[in-house]
Amino acid sequence: MKRDRFWVMVLVFFLVFPLVPAVVINELMVDPGQCSDTMCEWMELYQSPVQALDLSKCVLNGNRLPQHFFNTSYVVIARNLARFEEYFGNNDTVWNETDGFSALQSSFQLPNAGGVVELTGNCSDRIDYTHFAALADGNNKTLERREDNSWGESLSSSGTPGRENSIFRLATDYDDLIISEFLPDPFGNDTAALPHGEWIELLN
């Protein structure tokens, strides 16, 4: 009898508090170079583990997202999907599976000087990118989340929409990085091109 009551309580718990995948804000295109901010700003959401989540139950900066079943690792939210498709898709004038990853349109703004991006509802995450907004100021780079949840500038121009961030596995702790060897006075010109000239070797 007690065992039956236990399983009933477990069932009720999961009905009332369903498991929600961890959806995070993963990448921000704050200052695109292809076209104006109002046309080409975008952000990327990431979820792990991958589950079928109806994004219309998630709210982005006060605006409910469109109905869309998020059942992949990545989804891009674009301010203007047609222009996003032109520059980041296959430019066939329609966004679909042939473009390679999931994307949809929603209303938001990413001020170049910084601001807050917040997901509420069935998604929950909040990023204040003000203190690192300058990393992607006017250089067509994105702000990307690393594996340790810190943020930095993308290595590639235009960022990495729909795929793993370019800096995802790059560490921010450099304590183990040392100068292991250097050549201060080579034969010939110190500023000669490699493999001649001065050089420094780093050991990671």
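Eight aromatic pairs, 8 in the count over the whole structure, were found in this predicted model. One of them joins Phe84 and Phe88. The ring centres lie 4.8 Å apart and the planes meet at 20°, so this pair is stacked; planes under 30 degrees apart count as such. Both residues belong to helix 3, which spans residues 81–88. They sit 4 residues apart, about one turn of the helix. An α-helix has 3.6 residues a turn, so residues three or four places apart point the same way. Both Phe84 and Phe88 are buried.

Phe84 also pairs with Phe101. Here the centres are 6.2 Å apart and the planes stand at 85°, so the arrangement is edge-to-face. This pair links distant parts of the chain. Phe84 lies in helix 3, whereas Phe101 lies in the loop between helix 3 and strand 8 (102–105), 17 residues apart. Phe101 is buried, as is Phe84. A single aromatic cluster takes in Phe84, Phe88 and Phe101 together with Trp42 and Trp95.

The buried residues of helix 3 are Leu81, Phe84, Glu85 and Phe88. They cover an arc of only 100° around the axis, which places them on the same side of helix 3. Their cover includes strand 1 (22–29), strand 2 (42–48), strand 7 (74–78) and strand 8.

The N-terminal end of helix 3 is capped by Asn80. A side-chain oxygen of Asn80 lies 3.2 Å from the backbone nitrogen of Ala82.

Methods:
Residues numbered from 1 in each chain as written. Predicted model: local features only at pLDDT ≥ 70, side-chain atom pairs only at ≥ 80, totals over all residues. Heavy atoms only, no water. Phe/Tyr/Trp six-rings, centres within 6.5 Å; stacked < 30°, edge-to-face > 60°. Helix = DSSP H or I, 4+ residues; strand = E, 2+ residues; numbered from the N terminus. Buried < 20%, exposed > 50% of the residue type's maximum accessible area, 1.4 Å probe, protein only. Arc of directions from axis to C-beta. Contact = heavy atoms within 4.5 Å. Polar contact = N/O pair within 3.5 Å; in protein donor to acceptor, adjacent residues only side chain to side chain.
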